[in-house]
Amino acid sequence: MPVSSRIEQLKNNMLSEKRYMSVEQARIIHETHQKYSNEPLVIRRAIAFAEALKKITIRIEDGELIVGNRSYGVRNGIVYPECGIVWLEKEIDNLPNRAQDPFQTRPEDVKYVKEILLPYWKDRTLESQINKKIGTIDSAISSIVKINQKGRSQGHIIPNVEEWLRLGVPGLLKKAQEKRSTEYTQEKISFYDSIIISLEGVREYYRRYANLALNYSQSRECYRDDYKEVYNNCIALSNRAPKSFHEAVQAVWMLMVCLQMESNAASISLGRLDQYLYPYFLSDLEKGEITEQIALEIIECFFLKLNQIVCMRSGEEAKYFAGFPIGFNLVIGGKDEQGALLENELSFLMLKAQKDLHLPQPNLSARLCDKSSDMFILSCAEVLADGGGIPQIFNDESIIAALKKSGLSNHDASEYGIVGCVELAGCGNMLGWSNAAMFNVVKVLELTLNHGKCLLTGCTLSPDFGGLDTYNSYEELENALKQNISYFIELMILCHNTVDEYHKMNLPTPFLSSVVDDCIDKGIDVTSGGAKYNSSGMQIVQIANLIDSLAILRDLVFTNRLSGRELLEQIRLNYPDKKLLDLVKSYCKYGNDIPEIDSLSNQWVEYIYSELCKYKNIRGGNFNLGLYTVSSHVPMGESVGATCDGRLAGMPLADGGISPSSGSDLCGPTAVLKSASKLRYDLISNGTLLNMKFSPAIFKEKESLERFCGLLKAFVKLGIHHVQFNVVDKEELLAAQKKPEDYKNLLIRVAGYTAYFVELDQKLQDEIIRRTENIL
Amino acid sequence: MPNNTGIILNIQKFCIHDGPGIRTTVFFKGCPLRCKWCSNPESRWQRKHIMYDLVRCQHCGACVCACPREAISFSKDGLVRINEERCSGCGICAQECSEKHGSALSIHGDYMTTDKLMRELIKDKVFYESSGGGVTFSGGEVLTQVNFACQLAHLLHEEEISVACETTGFASTYDFQKLLNFSDIILFDVKHYDDKKHFDGTGVHLDKIYSNLKLALASPKKVVVRVPVIPFFNYSKEDAKCFGALFESLNIREVNLLPFHQFGQGKYEKLTRDYTYRDIPSLQKEDLEDYKNIISKKVEKVRIGG
């Protein structure tokens, strides 16, 4: 069935509207902070939030069934002075013209930023304070460790959507008021007051939308019924918890809008929405008040909304997070604590909505488990066929165990959701700081091979534990690498804990705290450790390059088949000897299901895990291990010299997180999955990322689609946390023609045969490329 | 060659068009047929084989000097020529070439024991189980190494892995019966209905193939007939009609039509061999629709592609 004309029109309107930088909320924040400078920070922030909800210009589009935004315009770039706006000083004039993620600007806004905001906030932002405290050490280790969230609110959290729906705003208000009435310490009274101020603000926001809808319902004849419904929903939600499906979806969206207004943060995610909304859907269905078709339209209106909030980043950041991803991750499917399958009609309707709209948000994540239905797996595959890698696939069988091991209860682990990209988290009970830092272990290996000196600059970056010219055995090298890893982990945690501390001091978030267990019960803000679970996530970058390099060292250098001194000389000079380069490049690599190679990984996963276990963060939580990079394998690779696996200096590291190095997996997708399955997933509770590429044809024929579903079932059995699928397009095939060495693994299906693209003759390649245009 | 050793051209994982589910295909080396359109000419000889890449060749002559059997020479136009009669497939020339001179020579085929093969084939067991797949023996022609294949199939069955055989059916009844016994599925290639034309295109007669096909059809095993549809050989409407009549008379239920493709052309160049089908365009799925419809009148299940 085609998309309804309502959805089509709303989508077109949204995408054709120009994106602007917006300072409306910044003005309110700026004014409130000055006016209430004597109040405690948490109260000041709550007032600024509530003031924004009362004053920000709002609008409703004709035909919208779900309303609300954080700015008047859609997809606006919000200037948020408290965190990091210093980059605007240099970049604001070029903002409309920059290559990646441009935003239009209005002259009066630019003037306001330059003349009012920047002079006042420049030294008061989170970023500048953190920079003052740890700037020197942070930049000294920047090629090894990337400390995140220095200039942005934390986000990376899933609120308790279920409770938000069950209690509604009035119910939450009551809960906070009751706690306040029995509290005597000033700090906690302020905390509860700040929650009450915030929730009152949200209530007011609902009323403002209700009033606007009421006005429009009188003036806009054609859409009168829609506006009446919007009015009814919003007025109801200002007074009570949602009852209908439509009200519940509206409430979920308003939660997201308000959390964004409070934090302006990436990766505030939605959890298992097909589960939370199901009781409302079922009850409406029983009463005969809804059909699947109506529910689908409501879901599509909501999905459109998820694309109206974007994240404005600095030019540098935008290079690596291109397309202003905001990280509205939404989970469908999976099982419950008892192991019962939880797929429902909404799981399928959400897949359908994604297929209809084909937009980047929500970041739809499907939970698979040993009981997943063939129908569900097939529906996921059919949406994947459209490209864009949505939905990404997660595996209950490995994830629940890993989360339990990291300290979550059986129930909370079973109810896990996904934060932002691929990070694993409890829903509504965990501040996981999942993107706290990236740890470039390939760079640590470089320093360990080269007496602590950077291969690119010659600067000394770590203690001298030895070099490839001095180690007498592989074990000696291993020990040195371990010492060096420990050295940098200590520095990384020192830096991260400082960043965490400054978030606590500068950015209390009372509204978010009201929807995260157990902040209200404890009377502690979520940034101070009020949540039930309080971890921080550290990512290892990149396991493929590490073990491919170690395999060469173990099997060639320390067996005297290759001189260590010579290899060191070669990586220092970026492999002038092409013969030696060929030798190391052609050696067995991770990603080909070779147990002797793949098994190298776990020693290091275990070692880093055990090192992280020695520390606690400032909220009393653990450090969780992750193996994903999203796209930072490119910038991180820039700071790494030539590596023993034959990667040249400055080139990208392996992509994703646990993907094999580009072009080194030669045995097809099953071998990649087998290699990836050898990791100790039980120790990796912060998430992993595996990218796989397929040609569109795999998804076009029923028979091969069934094979693909078989692959997904095997993925579940293999106990790998995550996989996502790229469908190869024409551009990629052209790139493969130009640089065949990087595309050795590209499988292509043509005219009933599957083949490696780069092995085909030029003429045939051309023919396939021409035909691919038709397939896509 | 010891009994538990065979010569294998290649092992390809994640094959999704050679029988049901996700499969690993083992390409046995050696084939008695000489099909003019063959896309795997390097699989014909039942021994290791050297392939030559003209583009990479530096015409240095190192291979000529290295060959212990004097099997390599230069032709008048300066190209490397390998004397098939003399070449033992030892690979010394390829080693010499790879190290210094552009890797123009490469060696194809590897002697493998059943144990070594099993270690590789068992790796994807979880995928076979999840998709209803298994292992497919292809080639070359698996019948040329039927005793070895039989041992391998036995080991696979011990691991509860199903075995499909893609075969030309060209062998003695005695050998074919062995294959029939260990196969769970037979993908039986039928290239022509007319003996003269069959001989012309493949170099062998139809009689053995026919009697083995009948043997297979009479067995309880699942048989899928596969027809490579080849221009200037069996691609006319008349051909489709005759195939239809033949399949009907044999009571064949399932036929796959494999459109002619050009994956082999580059290989002929590397083998320095002439190729009858040089530059003849591949057939597309669309090109076979009419052909398929004609056969569909006589056969229950006809599809284009494996």
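Hello everyone, and thanks for coming. The model is predicted, so local features need pLDDT of at least 70 and side-chain atom pairs count only at pLDDT 80 or more, while totals for chains, interfaces and linings use all residues. Residues are numbered from 1 along each chain as its sequence is written, chains are lettered from A and ligands numbered from 1 in the order in which they are written, and side-chain values use heavy atoms, with hydrogens and water left out.

Let's begin with the cores. A nonpolar core here is a set of buried Ala, Val, Leu, Ile, Met, Phe, Trp, Tyr and Cys residues joined through side-chain atoms within 4.5 Å. Buried means under 20% relative accessible area, exposed means over 50%, and partly exposed is in between, with a 1.4 Å probe and protein chains only. The largest core has 251 residues, and A:Trp164, A:Phe245, A:Phe302 and A:Leu567 have the most contacts inside it.

What does A:Leu567 touch, not counting residues up to four places away in sequence? Its partners include A:Leu468, A:Ile552, A:Val557, A:Tyr575 and A:Cys644. Contact, by the way, means heavy atoms within 4.5 Å. There is also a second, separate core of 68 residues, with B:Phe137, B:Leu179, B:Leu246 and B:Tyr268 among them.

Now for helix pairs in chain A. Helices (H or I, at least four residues) and strands (E, at least two) are DSSP runs, numbered from the N terminus. Axes are lines fitted to C-alpha atoms, for helices over the stretch in contact, and angles run from 0 to 180 degrees between N-to-C directions.

Please find α7, residues 161-181, and α8, residues 186-219, in chain A. They pack at an angle of about 145°, with axes 9 Å apart, and α7(A) passes α8(A) in a left-handed crossing. Left-handed means that the near helix is turned anticlockwise from the far one by less than a right angle; clockwise gives right-handed. A:Trp164, one of the residues named in the core, is also one of those that α7(A) brings to this contact. By class, the contact has 13 nonpolar, 1 polar and 5 charged residues. For those classes, Ala, Val, Leu, Ile, Met, Phe, Trp, Tyr, Cys and Pro count as nonpolar, Asp, Glu, Lys and Arg as charged, and the others, Gly among them, as polar.

The cut-offs are under 35 degrees for roughly parallel, over 145 for roughly antiparallel, 65 to 115 for roughly perpendicular, and oblique for the rest. From α9(A) come A:Glu229, A:Asn233, A:Ala236 and A:Leu237, and they meet A:His246, A:Glu247, A:Gln250 and A:Ala251 of α10(A). That contact divides into 3 nonpolar, 3 polar and 2 charged residues.

Over to chain B. Helices α3 (residues 114-121) and α5 (residues 146-158) cross at roughly 45°, with axes that come within 10 Å, which means α3(B) is oblique to α5(B). Their crossing is right-handed. B:Thr114, B:Leu117, B:Met118 and B:Leu121 meet B:Phe148, B:Gln151, B:Leu152, B:Leu155 and B:Leu156, giving 7 nonpolar, 2 polar and no charged residues.

Staying in chain B, is B:Val223 buried or exposed? B:Val223 is buried, at 14% relative accessible area, and sits in strand β11, residues 222-229. Its contacts beyond four places in sequence are B:Ile186, B:Phe188, B:Ala216, B:Leu217 and B:Glu254. B:Glu254 is 31 residues away along the chain, yet the two C-alpha atoms are separated by 7.6 Å.

Last, some backbone details. Most residues other than glycine have a negative phi, and most peptide bonds are trans. A:Asn560, though, has a phi near 65°; it lies in the loop between α23 and α24 of chain A and is exposed at 74%. B:Phe232 also has a positive phi, near 65°, in the loop between β11 and α9 of chain B, and is exposed at 73%.

Where are the cis peptide bonds to look at? One joins A:Gln361 and A:Pro362, with omega about 0°, and another joins A:Asp517 and A:Asp518, with omega about -5°. A:Pro362 is in the loop between α15 and β5, and A:Asp518 is in the loop between α21 and α22.
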